[in-house]
Amino acid sequence: MAWSPPATLFLFLLLLGQPPPSRPQSLGTTKLRLVGPESKPEEGRLEVLHQGQWGTVCDDNFAIQEATVACRQLGFEAALTWAHSAKYGQGEGPIWLDNVRCVGTESSLDQCGSNGWGVSDCSHSEDVGVICHPRRHRGYLSETVSNALGPQGRRLEEVRLKPILASAKQHSPVTEGAVEVKYEGHWRQVCDQGWTMNNSRVVCGMLGFPSEVPVDSHYYRKVWDLKMRDPKSRLKSLTNKNSFWIHQVTCLGTEPHMANCQVQVAPARGKLRPACPGGMHAVVSCVAGPHFRPPKTKPQRKGSWAEEPRVRLRSGAQVGEGRVEVLMNRQWGTVCDHRWNLISASVVCRQLGFGSAREALFGARLGQGLGPIHLSEVRCRGYERTLSDCPALEGSQNGCQHENDAAVRCNVPNMGFQNQVRLAGGRIPEEGLLEVQVEVNGVPRWGSVCSENWGLTEAMVACRQLGLGFAIHAYKETWFWSGTPRAQEVVMSGVRCSGTELALQQCQRHGPVHCSHGGGRFLAGVSCMDITAMPSAAPGAPDLVMNAQLVQETAYLEDRPLSQLYCAHEENCLSKSADHMDWPYGYRRLLRFSTQIYNLGRTDFRPKTGRDSWVWHQCHRHYHSIEVFTHYDLLTLNGSKVAEGHKASFCLEDTNCPTGLQRRYACANFGEQGVTVGCWDTYRHDIDCQWVDITDVGPGNYIFQVIVNPHYEVAESDFSNNMLQCRCKYDGHRVWLHNCHTGNSYPANAELSLEQEQRLRNNLI
């Protein structure tokens, strides 16, 4: 047992004007980590980082109070227990802390007492371990590579591949070459002695590639030997210097970063021993995911696991990031963040064709999902091919809410697209006239983009290519911004993007440039969100999602007299045949329903224009803040439109908010309009224009469709969930909707249960 200074000694030292040696100095920025089972990040040997070196903590006087403080500092809610006598193995290096004494209310170990840094009479057989509650507390945002690095984390900064073959040099992205590691600011090559495919897997994951393949080591050895015999080559003299090499790397293959592997920079027996005797540089060949393969690459055969993954990412500003959603029981749902870590996140990333994970995010940092929470406490080992191969609990078993939705940011390959776009003339770096680089007659040239067809979808791609957040505005007139003098020629026109492209150069566009208004003041511009201004958080954008169940359960038919439809007719909410009726005699048959629109994003949904631009409508005595807020359509099974309606945003407000959240928007008294994050706007079935006029529609099977924010007037983090579709059956007297779903929340072939169908058949006129 270690000696603990009595209280009288502390009083004596204070009387002498000397501080007692009970509190480690400058521990406020100290990092902690748990070294234990990879599948259980909440338990392990407790280690502290001090002066750039990890060390252990002695178990003398260590109890539940100290474990509680350590667990809270590590981002967990509480401690379950602690373990003495090196239960999780003996550590290496110094024993930094001994006789740690906490009350239990401290927020970090720097507020607890101890013998001081490195003052200990313990051995590593007394290394303490802790077991924390797996639930993360609300203030803990994410697990990143930077806070999971090993002892070399401050020195091993980057990894790259240096292409050797001519074919590899022309390939974009570079997938094959010699491994180079940036160590203490300088690039070094890695000796191939002891190099394994596990090492290659880690390197490829860091570079954004999901997998690796063996290289022709005999061929590369021949190339190496030729260079070594070449008297003009500097390679031979460089290889004789140990500063040229990383001596040895040993990885398990599941690490998110090489710094987590065992890395030996220099030989163990001193600097005089050669770092790579008789060896050569390690060569790695990676396999790019489907998003990053050249267009001419032969596609994978249909039905392979990479073609139709049962996992997807939603609401991310950049490629390779988003909220994790999985397909189970024929329905998409989210993953709870309990025990969520970089290992499990990396399985998701590789399954989707990206590299390993660089960040595992907790607490719905990339927005909340809607629907079931399928999984919780996912415990991947790192080699699983899909997330479904990992052990996990059902999301409903431990009380998870959507505020616990897990997300991920993956490593993606460097395609060089960011160097082919720039902004000019803006007041801030995130806005300006858009300039792109394209090849004109085989020569790269910078120029501007014609603003015809330019909209938020194209602006989203541009902001993504720039490495910024979501698009805020897409400008069609940019006369107030001055571009680069030598880049004023229009080099791109007719740009039309789907929204999933990595760069504007991948979007559809005119072959020969054709800009009917000649450019000038009508050039494309963007305003993007600044993701660097929000560290550890998601770039803010709203995300509107409709309640499909409510639409399905509230649909019914009404024969409404024309005498009650004058205002609706004035707002163009009836079919054109209503113009030729004998008003006010007769009626229109209306398919009515309620809609509930949630804002599940990160910022409030606000109209594009300010109150000074809203239009007063005398008939209904309200302001229109958005010209068209929703489209209601009835389609044939092959997609032809047979009836339509639309809903002007007459009152965009917070109808209801969850408990603890204040309503911020209301239309009364010319108030501010919008939908607060977490709240919803409800349009009841009994208000004007909340219908589709089906007077001219015959009996049959149809598709009922609702699209919110149809013209993309306001930027959102995810437009794919703005559409709701239902199967609709109409027999001339009654109607029922079934299989209502938003976006692609269900597979197209999902069928309705007999119980649901019988309940919905009661929707009579």
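Let's start with strand 9 (residues 176–183) and strand 10 (residues 186–190), which pair in the antiparallel sense over four bridges. Strands here are DSSP runs of E at least two residues long, helices are runs of H or I of at least four, and both are numbered from the N terminus. Two strands count as paired if DSSP finds at least two bridges between them. Keep in mind that this is a predicted model: local features need pLDDT of at least 70, side-chain atom pairs count only at pLDDT 80 or more, and totals for chains, interfaces and linings use all residues. Residues are numbered from 1 along each chain as its sequence is written, and side-chain values use heavy atoms, with hydrogens and water left out.

Back to the hairpin. Val-181 has Arg-188 in strand 10 as its bridge partner. Two residues sit between strand 9 and strand 10, and in this hairpin Glu-184 takes a positive phi near 50°. Strand 10 also has a parallel neighbour: two bridges join it to strand 12 (residues 245–246). There, Gln-189 is partnered with Trp-245 of strand 12.

Pro-584 belongs to the loop between helix 10 (566–570) and strand 31.

Now for another open sheet, with three strands in the order 29-32-37 and antiparallel pairing. Its edges are strand 29 (544–546) and strand 37 (680–683); each has a single partner strand, so one side of each lacks a neighbour in the sheet. Here the twist averages 20° from one strand to the next. Strand 32 (residues 595–599) and strand 37 run antiparallel, joined by four bridges, and Thr-595 has Tyr-683 in strand 37 as its bridge partner.

Two loops are worth a stop. Thr-636 lies between strand 35 (630–635) and strand 36 (641–647). Its side chain makes a polar contact of 2.3 Å with that of Asn-638. A polar contact is a pair of N or O atoms within 3.5 Å; within protein, one must be able to donate a hydrogen and the other to accept it, and residues adjacent in sequence count only if both atoms are side-chain atoms. Leaving out residues up to four places away in sequence, Thr-636 touches Val-642, Tyr-702 and Ile-703, where contact means heavy atoms within 4.5 Å. The other loop, between strand 19 (357–361) and strand 20 (373–376), holds Ala-364. This residue has a positive phi of about 55° although it is not a glycine.

The structure holds two cavities of 30 Å³ or more. A cavity is a set of points, on a 1 Å grid over the protein atoms alone, where a 1.4 Å probe fits but cannot get out, and lining residues have an atom within 4 Å of a point. The second largest cavity has about 40 Å³ of space. Helix 7 (residues 342–351) gives the most to its lining, with three residues. Among the lining residues are Arg-201, Glu-255, Ile-343 and Gly-382. By type, the lining divides into one nonpolar, five polar and three charged residues.

Key: Axes fitted to C-alpha atoms, helices over the stretch in contact; angles between N-to-C directions. 1 Å grid on protein atoms, 1.4 Å probe; cavity = no way out; pocket = protein on both sides within 12 Å on 5 of 7 lines; lining within 4 Å. Points joined across faces, edges and corners; volume = space filled by probe spheres on them. Nonpolar A, V, L, I, M, F, W, Y, C, P; charged D, E, K, R; others polar.
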